[in-house]
Amino acid sequence: MLMYSVKRLGLAVIIVSLAMLMLFSMIYLIPGDPAAVALGPRATEAMREALRIKMGLDQPVWVQFWNFFTNAWTGDLGNEVLSDRPVAEVVMEQLPYTLALIAGGISWSVALGIPLGCWAAVKRGSMPDRIVGILSVAVIAVPSFVVAIYALLIFAVTLRWLPAIGAGEPGDLGDQLVHLILPSLAVGLGWVGYIARMVRASMLEVLEAQHIRTARAFGLPENMITYRYALTIAILPTVTLLGVGIGQMLSSAVFAEIVFARPGVGKLVYDAILTRNYPLVTGAVLVTTVLFVLLNLIADLIVGALDPRVRSRF
Amino acid sequence: MTVLTIKDLNVTFSTEGGDLRALRDVSFEVPERRIVGIVGESGCGKSTLINAILGLLADNGRIDGGSILFEGQELTALSAPKMRDLRGQRISTVFQDPMGALNPVLSVGRQMQNIQYRSGLSRAEKDARSVDMLRLVRIPDPEHAWARYPHEFSGGMKQRIAIAMALMMEPALLIADEPTTALDATLEVATIELLQDLQQQIGCSVLFISHHLGVIAELCDDVVVMYAGEVVERGTTRQVFNTPRHPYSIRLLECDPARQAERTRNLPTIPGEIPDLRRRPQGCIFANRCDRKVAACDELPPDVAVGDGQVARCILAEAV
């Protein structure tokens, strides 16, 4: 397991480095002079030149990349344009809110999706199976911002059960959790459908496997066969799917944070784009990338922990 | 004393192309402490027979007639929970494919623990019993092998582990469904010797299914020859192998590569194919491939007792 983790971690470092290279190329290829953008139309040529030197834009491109690369690995993402505060600090302030949102979304999708999919597979062909099938497609088809707006209208505006906007009182965990319910539902609801379908499909496959027949031939109780023998194998593809799906959840988080006026990295990037705060955009996207790679890594480690065959392959 | 008595068993599957009668009037016995071999080509109903005994027929299959008497209990009338209590305790099974027969994400020890869930033993006692069983099937270093996962063992070891699991509760009947087919020749011999050994120690009966005639002849006391869902002939191994009476048994034995006296590039085969079981012929099931066919073969042949315990389902059995 240790060897597996180390190798998988090395792979993650390579992926993040490549992402940095792509991100840097993107910024470099965007037409226009970042210094001019930062200083606005009324700056003089001398001021622009000074800022260019300060930003290192006079250096050859590979030196620029190397500086960006080494600084980024040490946590220095430059300073943002508006307040001149370090980008890393600004992003880190917002990161916990987004992490909480993603965690909430995953909780919804796992807590509802796995039991529903499992139930549908065990009751294959029955009415519950068909209802789960229809509901899955329905929630997958509805975009997260539509879920967000309707959840807001129904539960916050009409029924007044839950708060409409914000992230809750700082330091008050209960209040923050209450504020998390609707946004995380908006992020996670579509994934309930994906996971239910995925779990159903892989459960059906596993239940046909020879070792399940063996388990039945040993007279094991049906519950033990379903949960200990079949589900533990059937959730493996789901964990991998979730790892990849976190990318999509991160983009849903942008909508959820805007609709519910929550702080978070998505809202931060959205505001930064509107104010053309490029260092902040770059920094926030890079942090999001690292987050994605890290969560993927965790998903893979979970698969490794659950499946001895994966562990031994590395 | 017989452990298992199957009488006139019929199994039908409903398929899209109509009802498929997979077993027709199957009868045979497994006496105490004896090894009974079932031999027949692929698709002759061996697996259906096992599933019917175990109560694990697919959802579209049903037993329509006949009885399966196991230790005095009528299995066809047994409730699902009662049937489950028998499986793994009184009737155990070793399947063909050792690669897929064990759960890949649970350690061998955990799986052996689960099989003993009815035993009422403490966890430590169960584990000690598991280690003993692993030692009995000659798994090296059983104390450590216990904690390992199926993919860490070779095919032959996995099959031995499967045998250990099957015999752990000291069943009255062990069903071995082609347990050596997936193994190479040397392992096959070793596994069969092991099975023979353990059968002696535990004193159980064995229903041994194989299409390998040599293995059947070597291992079994009695033989049941199946063809297209029917028992065409049964008797002691000596009777069936030395004086087969059903034309199918005769032809099947002629086709055994081990029986070829001369070097040949052309092994004998039985011309024709198994009939479509959805349109099972009214008469003898083997008639369309039989070279001794007469007009009377269009009627269902009786089970003819041709010797002491030897029975053949052929009107010509006496004459052959």
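In the predicted model, nine residue pairs are in polar contact across the interface of chain B and chain A, with both residues of each pair at pLDDT 80 or more. The size of an interface is often given as the accessible area lost when the parts come together. For chain B and chain A, the area buried between them is about 2200 Å², and 63% of this area lies on carbon and sulfur atoms. The contact draws 29 residues from chain B and 23 residues from chain A.

On the side of chain B that touches chain A, several secondary-structure elements each supply at least two residues: helix H1 (46-54), strand E7 (91-94), helix H3 (98-101), helix H4 (108-115) and helix H7 (155-167) of chain B. H4(B) provides the largest share of this side, namely four residues. By residue class, the side of chain B that touches chain A consists of 15 nonpolar, nine polar and five charged residues.

Backbone torsions in chain B were also examined. Most residues other than glycine have a negative phi. B:Asp25, which is not a glycine, has a positive phi of about 45°. This residue belongs to strand E2 (residues 18-31) of chain B. B:Asp25 counts as partly exposed because its relative accessibility is 21%, and the buried class requires a value under 20%.

A positive phi, near 45°, is also found at B:Glu71, again a residue other than glycine. B:Glu71 is placed in the loop between strand E5 (67-70) and strand E6 (73-74) of chain B. With a relative accessibility of 35%, B:Glu71 is therefore classed as partly exposed.

In chain A, the surroundings of one helical residue were considered. A:Ala186 is part of helix H8 (residues 173-207) of chain A. The relative accessibility of A:Ala186 is 2%, so the residue counts as buried. When neighbours within four places in sequence are left aside, the contacts of A:Ala186 are with A:Ser144, A:Val147, A:Ala148 and A:Phe260. A further pair in chain A is formed by A:Ala186 and A:Tyr270, which are separated by 84 residues in sequence; the C-alpha to C-alpha distance between A:Ala186 and A:Tyr270 is 18 Å.

How values were computed
Residues numbered from 1 in each chain as written. Chains lettered and ligands numbered in written order. Predicted model: local features only at pLDDT ≥ 70, side-chain atom pairs only at ≥ 80, totals over all residues. Heavy atoms only, no water. Contact = heavy atoms within 4.5 Å. Buried area = accessible area lost by both parts, 1.4 Å probe. Polar contact = N/O pair within 3.5 Å; in protein donor to acceptor, adjacent residues only side chain to side chain. Nonpolar A, V, L, I, M, F, W, Y, C, P; charged D, E, K, R; others polar. Buried < 20%, exposed > 50% of the residue type's maximum accessible area, 1.4 Å probe, protein only.
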